[in-house]
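I opened this entry to keep a record of what I looked up. The notes follow in the order I made them.

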Amino acid sequence: MNAVVFDVALTAYILAAVAALSSLIWRRDDLGRAARVLTLAGWICHTAAVGLRGMELGRPPVLTLAEVVSVVIWVAVLVDLVVERRYGITAFGAFLLPVVLALGLGLPTGLRDLALEPQASSAWILVHVALVLVGLAALVLNFGSALMYVLQERQLKAKRPGVFYYRMPSLQTLDRLTLVTLTVAFPFLTVGLGLGVVRAGRAWGRDLVLDPLALFSIVMWLVYAATLSGRVVGRWGGRRAAYFAIVGFCVLLATLGAGVIFQGRHGS
Amino acid sequence: MMERLFVAGLSHHTAPLAVREQLALDEDKLREIVSDLVGRGTCAEIMILSTCNRVEVYGVADVPGEARSAAFRQMGAQRGIGLPTLEPLLYTHGGVEAVQHAFRVASSLDSMVLGEPQILGQVKDAFALAQACRTVGPVLHSLMSQAFAVAKRVRTDTEVGRHAVSVSFAAVELARKIFGGLDGRSVLLVGAGEMGELAARHLVEEGTLPVYVANRTWARAEALARDLAGTAVPFEELLPVLVQVDIVITSTAAPEPIIRAAEVERVLHARRGRPLFLIDIAVPRNVEPAVNALDGVFVYDVDDLRSVVEANLRERQRQAQRAEALVEREVTKFAARLRDLEVVPTIVSLREKLEEIRRAEVARALARLPGADPATREALEALSQGLVNKVLHGPTVKLRDSSRAGHHRRWIEFISELFGLHPRGGAGREP
């Protein structure tokens, strides 16, 4: 049942993404409104799907990688809806939804049944997963705003106004959004991953260094740590910060990919 | 009603400025002319729109051609221009086309600068003037109120008037694209070129403060600073100011760049990642082109600003296509409504006529049934009313349908003759 509802939600997201992109390209506000309605509809279905899965399994639906990704999307879309509404950044969906879809459509292929040591479903793991999850959701948004920044910046530098110039928010707004999302993501990611490392170190011993998901996560954390310190200490300009945010997200995707392909201790 | 509506005039499309400026009359003269034309019965309704880009007469008359000639003869006479000179410059639209023209003009789709906002106000003024002279009747009233509504929709639903089409406003818009809100951003104006000053003024109007002014002649810098409520800074101390400000406008006559990439790069570190927007209005340029390559620094010279303006105009044209489609739909709706208005008097008088007959017949029947109980009376009423409604149904539907299809005049005449009607205020003319 939850799989069906989830597919409905995904379909709504697909339609919303198409509408949002079309609204951006053809500068049609009516399509933008349609995109927002579809996104909201998708998110409501998604909420139902997550809830149903939790009830069917009788446990929090965040113990397989697929479940985690699903909830990451759920949080990211929620924040997108809030950002679009509060700050009037209507083009945000056009950048965020394709990312959400890439993650969501990846779910059926192998991700769906990958369990995160369900036998060890202790409170520790739940806290670990929940913290990482909030961090990842913020990073999805971080990527979306960084991508928008780079595109807008390029058009302003090239001095040829086009699609992005006419539809996107100001550089300053995007830059602030990139910084805020990173600042929110980082503490969650740090504590979440820290808990995981401590706990896994105790449980797995030397196997920790052989777990690809754990290894990639640490690399990802380092990239984001560098970005944040560059911004705070080095006072980086917006462009460099945006490029780093994009690199960080690529590592994030690689991390999820590694979790699927290699299936170390995380996936046993 | 539709057939009697017309618009005639000349505009930047058809007439040179020399003629347009001659015909631009003051309000008193316009008042005189519209009152005179209606007073004599040449027109039933009239208003005159007179701006520097167009002189147009919107009117309702039995013989539109005559009204048009009379109006332009009178206007030309004020300046000694004969009608034969004006005649070849005039265009005339009647009926649906007049409606479309009115909507397009009010929506600024017929303007010289596509989407410029002044025209709507000018149309409103012309309408108010005609109203004050009591030369506006039901047709012009509904036409113009609808034109205002359409213009508003065009403005909100499309972006035909949204993007800057002058160099100095394009600069303001770019600043907003970089910084978001302009409140509290600081500006440095280097040099005292006219265009630089204009751009600075626009920025100050948008809320940028404080303003710094630098000039080779200190007195000039001080004067300009006073003018813009800013601070004069010595020309030799530009770099420290560059650390603080967000927007720089340069318009000096210096033969070589005065702001170089190497200097800006040094300043950037102290700026801690805040973006810097340089508007270089000087020719030759005051800012080295390489400055644009620095992270967070944006340099626009005059050519860049012009190309932005051109892109904005193209964007307005794109949006104009959507606006035209919107206008088209509104014209169709309005024409249908007008035609509906035309058949209404016929329907009303048909209903009155049948009602009259019904009452008379019921009274006659009751006179023959003196002992009728209330139930019988009620039955008679209901029977007769039912009959009338059934009979009315066919012609009513036919009239409304024909008005939608546009050939209602024939049906109005036909039905009027058939039932011997004399509709009041309607278009069904008696033979």
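How many helices and how many strands are there in chain A? I count 9 helices and 0 strands in chain A, where helices (H or I, at least four residues) and strands (E, at least two) are DSSP runs numbered from the N terminus.

Ground rules next. I am working from a predicted model, in which local features need pLDDT of at least 70 and side-chain atom pairs count only at pLDDT 80 or more, while totals for chains, interfaces and linings use all residues. Residues are numbered from 1 along each chain as its sequence is written, chains are lettered from A and ligands numbered from 1 in the order in which they are written, and side-chain values use heavy atoms, with hydrogens and water left out.

**Chain A**

Along the sequence I read the pattern α-α-α-α-α-α-α-α-α. Chain A has 268 residues, of which 54% count as buried (under 20% relative accessible area; exposed is over 50%, partly exposed is in between; 1.4 Å probe, protein chains only). I then looked at contacts (heavy atoms within 4.5 Å). Of those in chain A with a separation of 6 or more, 80% are between residues 24 or more positions apart.

**A:Glu84**

I found A:Glu84 in helix H3 of chain A, residues 65–87. Is A:Glu84 buried or exposed? A:Glu84 counts as buried, because its relative accessibility is 8%. Its side chain reaches the backbone nitrogen of A:Gly93 at 2.7 Å. Not counting residues up to four places away in sequence, A:Glu84 touches A:Arg36, A:Ile89, A:Thr90, A:Phe92 and A:Gly93.

**Interface of chain B and chain A**

I went on to the contact between the chains, which takes 32 residues from chain B and 25 residues from chain A. The two chains bury about 2,400 Å² between them, 43% of it on carbon and sulfur atoms; this is the accessible area (1.4 Å probe) that two parts lose on being put together, summed over both.

I noted 2 salt bridges between chain B and chain A (a side-chain nitrogen of Lys or Arg within 4 Å of a carboxyl oxygen of Asp or Glu). A:Arg239 forms a salt bridge with B:Asp295, with the closest N and O atoms 3.6 Å apart.

Which elements of chain B each supply at least two residues of the side that touches chain A? They are helix H8 (167–179), strand E10 (297–301) and helix H13 (302–368). H13(B) gives the largest share of that side, 9 residues.

**Helix H12 of chain B**

In H12(B), residues 261–271, I list B:Ala261, B:Val264, B:Val267, B:Leu268 and B:Arg271 as buried. Seen down the helix axis, the buried residues of H12(B) fall within an arc of 120°, so they line one face of the helix; the arc is that of the directions from the helix axis to the C-beta atoms. They pack against helix H11 (238–244), strand E9 (276–280) and E10 of chain B. The face turned away from the buried side carries the exposed residues B:Ala262, B:Glu265, B:Arg266 and B:His269. After H12(B) comes B:Arg272, with a positive phi near 55°.

**B:His141**

My last stop was B:His141, in helix H7 of chain B, residues 138–157. B:His141 is partly exposed, because its relative accessible area is 37%. Leaving aside neighbours within four places in sequence, B:His141 is in contact with B:Glu45, B:Phe127, B:Gln131 and B:Val136. B:His141 and B:Val167 are 26 residues apart in sequence and 39 Å apart in space, C-alpha to C-alpha.

Terms used:
Polar contact = N/O pair within 3.5 Å; in protein donor to acceptor, adjacent residues only side chain to side chain.
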